[in-house]
Amino acid sequence: WRSTVRDNGGAVATYYRSSGAAAQPSYDFNKDGLVWVRAEGRAKCRLRTLVTLVRANEIALAFPRLTISANWFWTNNTGRKVIVDTTGSSAQPPATPTQAGPVQVRCVAPVPNPCLKVDNSKGQVGGSTPTQANMEPKTLSDAQAELVKTRARMLPNAYFPAGSCPPNLTGPLVYIEDATTCPAYSGGNTAAAPGMVVFGKGGLTLGGNRIFFGLLYARNENNVQDALIKTQGNSLIQGAVAVDGLGGVLAGASAKNIVFDPRVFSLVKGLGDASPVPGTWRELSPSE
């Protein structure tokens with residue numbers, strides 16, 4: 001027996017014909033997560049040919065429900081104001097009343113002293129008290145991160161290998177292997193459509209009035225101690241922030257800089273196994 005794969009483009013977008021499929025690439029060229037799989041084999045000396053449309057399945061991945069998780073967290077604002085809103089009450093639009101997403105740090109040496117620099121007496125973290133916790137150094141395991149990366153490769157304009165940078169951070173998923181040489185970004189996404197950005201190396205600095213809506217995840221694969229996610233001025237991150245390894249988060253200049261939005265955790269998805277699309281399986285006639 002033998003099998004062939006063809007994209008579901010052009011004349012075979014919804015129905016398979018051998019003549020139309022022959023001109024299609026042997027991979028998911030249109031990046032819609034669907035391809036035709038054709039198998040031929042002989043049974044009792046008779047050639048039989050089967051075909052079905054196959055879908056790549058997205059799987060949800062567990063992610064800690066925290067506003068900030070990192071090895072260390074500092075705010076350089078000394079005022080009596082909320083810098084981090086862990087309740088989401090000031091989100092745009094306001095988050096559904098729910099349990100707060102705390103701020104947690106690992107404090108694994110070497111680490112800045114102190115590893116948690118925030119004035120709780122001034123209410124700089126609203127809704128909960130930042131704590132040191134025994135967390136894994138990697139928020140997603142290497143295997144889980146590979147599933148996310150595979151999904152990014154499938155989506156249009158979502159995966160950027162080392163040496164390349166996205167033009168912006170807008171989209172349901174952006175995966176940047178190395179952001180250390182990427183330019184400054186002016187935020188990304190909207191309150192109605194947040195997104196997830198994964199940095200293999202490097203991170204993001206937001207300044208001015210820039211806003212990012214979504215989940216920022218710095219995997220810190222070179223395990224630096226730097227602040228990989230930073231906010232300055234009146235910039236805002238609405239969603240959640242996670243930094244792996246020894247890296248940290250620096251927030252606070254003149255306004256509320258990080259606001260919890262629990263919707264972003266539904267964005268953490270990877271590409272899992274493939275499965276046939278119901279109603280597309282059939283046996284081809286001998287002429288096909």
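Helices and strands here are DSSP runs numbered from the N terminus, with helices being H or I runs of at least four residues and strands being E runs of at least two. Those labels will guide us through a predicted model, in which local features need pLDDT of at least 70, side-chain atom pairs count only at pLDDT 80 or more, and totals for chains, interfaces and linings use all residues. Residues are numbered from 1 along each chain as its sequence is written, and side-chain values use heavy atoms, with hydrogens and water left out.

A pocket is an open set of points on a 1 Å grid over the protein atoms alone, where a 1.4 Å probe fits and protein lies on both sides within 12 Å along at least five of seven lines; its lining residues have an atom within 4 Å of a point. A volume is the space filled by probe spheres set on the points, which are joined across faces, edges and corners. The largest pocket holds about 210 Å³. Its lining counts 14 residues, and A179, G203, L204, T205 and L228 are the ones nearest the centre. At least two lining residues each come from strand 15 (204–206) and strand 17 (227–231), with strand 17 giving the largest share, 3 residues. Sorted by class, the lining has 8 nonpolar, 4 polar and 2 charged residues, where Ala, Val, Leu, Ile, Met, Phe, Trp, Tyr, Cys and Pro count as nonpolar, Asp, Glu, Lys and Arg as charged, and the others, Gly among them, as polar.

C165 sits in the loop between strand 11 (159–160) and strand 12 (173–178), and C182 in the loop between strand 12 and strand 13 (187–188), so the bond ties together parts 17 residues apart in sequence. C165 is partly exposed because its relative accessibility is 29%, whereas C182, at 13%, counts as buried. Finally, C45 is exposed, with a relative accessible area of 75%.

Methods. Buried means under 20% relative accessible area, exposed over 50%, partly exposed in between (1.4 Å probe, protein chains only).
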